[in-house]
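Here is a short briefing on one protein model.

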Amino acid sequence: MTFESIITSGESLTLANGALITGVALALGVISALVYMFKSYCSKNFAVTLALLPPIVAMLIIMVNGNLGTGIAVVGVFSLVRFRSQPGNSREILAIMLSMAIGLACGTGYVTFAAFGAAVVCVVWLILFSTPFGSTTKKELKIDIPENLDYDGLFDDIFSEYTTRQELVAVKTVQMGSIYELRYQVTFKRGKNEKDFLDALRARNGNLPLQVGRVSTVTEL
């Protein structure tokens, strides 16, 4: 089986081929948006963007059609969109790249390859996000302590009981220097109760604020 373009070089695009390209791109865009929403929070704006991005990209690629000047203009448009967009996490970037790839494949006439590639990526996406692949018990921990406490080794016994690994990644002062905020990355031991861990820390830091959560997404890429 070979993948061939439905667009013949040097010939005008027919209405039937244009409708086929747009329809396939739109259908695959909707499918990619549904796959992205699987086990993930997604705003309506972003879902609609993922669904409509492939046919829009396909239209742009068809209009370029080997024209160097038009190609440079399209690159400029994509650069403008890139710099006006807020940075997203790795999953959002992956979804956008998939939609772009679908649009590029459809725009060049390789609709069967677009469908094949999108199907493979979507199936693998669903499998990997449904399994523990790449998952970790690492979390980010923030501890406030009074300025009169020496934080070096202060929580070592608690960490050894509840975690397999811990790393102090940042220290800063807050409230005019009266409080030290310690930021750790910790990996919990399996079967350990997180509330008991926090209670032990509270007894050590004078019941000042604690915070534990997922590691910041800025480190995902």
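The notes below go topic by topic.

This is a predicted model. A search of the whole structure finds 11 aromatic pairs. One of them joins W125 and F129, with ring centres 5.5 Å apart. Nonpolar side chains also form a patch on the surface, with about 1100 Å² of accessible area together.

**The W125–F129 pair**

- The ring planes of W125 and F129 meet at 40 degrees, so the pair is tilted. Tilted pairs fall between the stacked limit of 30 degrees and the edge-to-face limit of 60.
- Both residues belong to helix α5, which spans residues 111–130. They are 4 residues apart, so about one helical turn separates them.
- W125 is buried because its relative accessibility is 5%, and buried means under 20%.
- F129 is partly exposed, at a relative accessible area of 34%.

**Charges over rings**

- R91 lies over the face of F129, 3.9 Å from the ring centre. F129 therefore has a ring partner in W125 as well as a charge over its face.
- K192 places its charged end over the ring of Y162, at 5.5 Å from the centre.

**The aromatic cluster**

- Ring pairs link six residues into a cluster: F155, F159, Y162, Y184, F188 and F197.
- Y162, the residue under the charged end of K192, is a member of this cluster.

**The nonpolar surface patch**

- The patch is formed by M1, F3, Y110, F113, F116, V120, V123, V124, I127, L128 and F133.
- M1 sits in the segment before α1, a helix that covers 15–36.
- M1 counts as exposed because its relative accessibility is 88%, and the cut-off for exposed is over 50%.
- Helix α5 covers residues 111–130, and the patch includes F113, F116, V120, V123, V124, I127 and L128.

**Positive phi outside glycine**

- K39 is not a glycine, yet its phi is positive, at about 55 degrees.
- K39 lies in the loop between α1 and α2, the latter covering 44–64. Its relative accessible area is 58%, so K39 is exposed.
- M176 also has a positive phi, near 60 degrees, and is a residue other than glycine.
- M176 is found in the loop between β2 (163–174) and β3 (179–188). With a relative accessible area of 88%, M176 is exposed.

Definitions and conventions. Residues are numbered from 1 along each chain as its sequence is written. This is a predicted model: local features need pLDDT of at least 70, side-chain atom pairs count only at pLDDT 80 or more; totals for chains, interfaces and linings use all residues. Side-chain values use heavy atoms; hydrogens and water are left out. Patches are made of residues with over 30% relative accessible area and no salt bridge: like charges are joined within 9 Å, nonpolar side chains (Val, Leu, Ile, Met, Phe, Trp, Tyr) within 5 Å. Accessible areas come from the Shrake-Rupley method with a 1.4 Å probe; for residues, only the protein chains shown count as cover. A salt bridge is a side-chain nitrogen of Lys or Arg within 4 Å of a carboxyl oxygen of Asp or Glu. Helices (H or I, at least four residues) and strands (E, at least two) are DSSP runs, numbered from the N terminus. Buried means under 20% relative accessible area, exposed over 50%, partly exposed in between (1.4 Å probe, protein chains only). Rings of Phe, Tyr and Trp (its six-membered ring) pair if their centres lie within 6.5 Å; planes under 30 degrees apart count as stacked, over 60 as edge-to-face and the rest as tilted. A charge sits over a ring if NZ of Lys or CZ of Arg is within 6 Å of the ring centre and within 35 degrees of the ring normal.
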